Amino acid sequence: MYKILIVWALSQETNVIKEEIKKLELMNFKTSYLTTGMWNYNMILNLTRFLENHDFDLVLNIWVCWYVIEKQDFLQIARIYNLSNNKELIIPQIINFWISQSIACSESAVYDEKNIWEEIYVDMESYGFEKVCDSFFIPRIILKIPVDKIWKETKNFDFEK
């Protein structure tokens with residue numbers, strides 16, 4: 001039996017994600033869930049503490065992200081550019097699940113697309129998630145759902161959306 005951990009930020013996302021996973025009727029998989037809280041440092045701390053006491057064959061990160069102008073319905077992250085330290089991480093692509101994309105990662109909310117260089121998407125947690133999973137040598141996949149457009153929608157984030 002394969003053990004999979006599905007990680008996301010907010011408890012408001014819990015029911016939606018669990019319902020969609022149930023529809024897959026996965027056989028030979030034991031699925032666990034972890035809500036880490038919003039912001040990159042909460043994610044790093046909570047995911048690290050959890051992985052120190054549990055073993056998994058795969059960690060799947062499902063979160064929302066911001067977009068600049070046009071967006072895809074969903075994407076798989078293949079590259080992360082951290083805006084705070086100008087470092088790049090390439091995510092091992094163990095499964096081509098969705099369309100691969102690059103994403104910027106910021107330690108604070110982004111209200112102006114000029115702050116994310118030439119990236120189309122930005123989030124706050126991908127870089128830390130990748131660093132944590134890499135340090136535990138755990139295969140991982142990062143899936144993003146672009147939800148709010150940078151600026152107005154970021155300031156007025158809609159949980160229902």
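# Notebook: cysteines, strands and cores

**Entry 1, cysteines.** I began with Cys133, which is buried, with a relative accessible area of 0%. The model I am reading is a predicted one. Next I looked up Cys65, which has 2% relative accessibility. I count Cys65 as buried because 2% falls under the 20% cut-off. I then searched for disulfides and found zero in the structure. For my own reference, a disulfide is a covalent bond between the sulfur atoms of two cysteines.

I listed the secondary structure of the protein chain and got four helices and eight strands. Read from the N terminus, the order of elements is β-α-β-α-β-β-β-β-β-α-β-α. I noted that the protein chain has 161 residues, and that 45% of them are buried. Its accessible surface comes to about 9400 Å². Carbon and sulfur atoms hold 54% of that surface. I also looked at contacts in the protein chain with a separation of 6 or more, and 70% of them join residues 24 or more positions apart.

I asked myself which strands pair with strand 4, and in what sense. Strand 4 covers residues 75-82, and seven of its eight residues are buried. With strand 6 (residues 100-105), strand 4 pairs in the parallel sense over six bridges. In that pairing I found Arg79 opposite Ser102. With strand 8 (residues 140-149), strand 4 runs antiparallel, and two bridges join them. Here Leu75 stands opposite Lys144. With strand 5 (residues 87-90), strand 4 also runs antiparallel, over four bridges. Asn82 stands opposite Lys87 of strand 5.

**Entry 4, the hairpin.** I followed the chain from strand 4 into strand 5. The two strands form a hairpin with four residues between them. In this hairpin, Asn86 has a positive phi near 55°.

I went back to strand 8 to see how covered it is. Eight of its 10 residues are buried, so I wrote it down as mostly covered, where buried means under 20% relative accessible area. Strand 8 also pairs with strand 3, and these two run parallel, joined by nine bridges. One facing pair I checked is Ile62 and Leu143, the latter in strand 8.

I noted a general point before looking: in soluble globular proteins, nonpolar side chains tend to be buried together. Which residues have the most contacts inside the largest nonpolar core? They are Leu5, Ile6, Leu47, Leu51, Val59, Ile80 and Phe129, in a core of 38 residues. Several elements each supply at least two residues of this core, including strand 1 (2-8), helix 1 (14-23), helix 2 (40-52) and helix 3 (126-135). Strand 4, strand 6 and strand 8 are also among them. Strand 3 (58-67) is on that list too, and strand 3 gives the most, with seven residues.

I then took Leu51 and left aside its neighbours within four places in sequence. Leu51 is in contact with Leu5, Phe56, Val59, Val132, Phe136 and Ile138.

Notes:
Residues are numbered from 1 along each chain as its sequence is written. This is a predicted model: local features need pLDDT of at least 70, side-chain atom pairs count only at pLDDT 80 or more; totals for chains, interfaces and linings use all residues. Side-chain values use heavy atoms; hydrogens and water are left out. Buried means under 20% relative accessible area, exposed over 50%, partly exposed in between (1.4 Å probe, protein chains only). Two strands pair if DSSP finds at least two bridges between them. Contact means heavy atoms within 4.5 Å. Accessible areas come from the Shrake-Rupley method with a 1.4 Å probe; for residues, only the protein chains shown count as cover. A nonpolar core is a set of buried Ala, Val, Leu, Ile, Met, Phe, Trp, Tyr and Cys residues joined through side-chain atoms within 4.5 Å. A disulfide is a pair of cysteine sulfur atoms within 2.5 Å.
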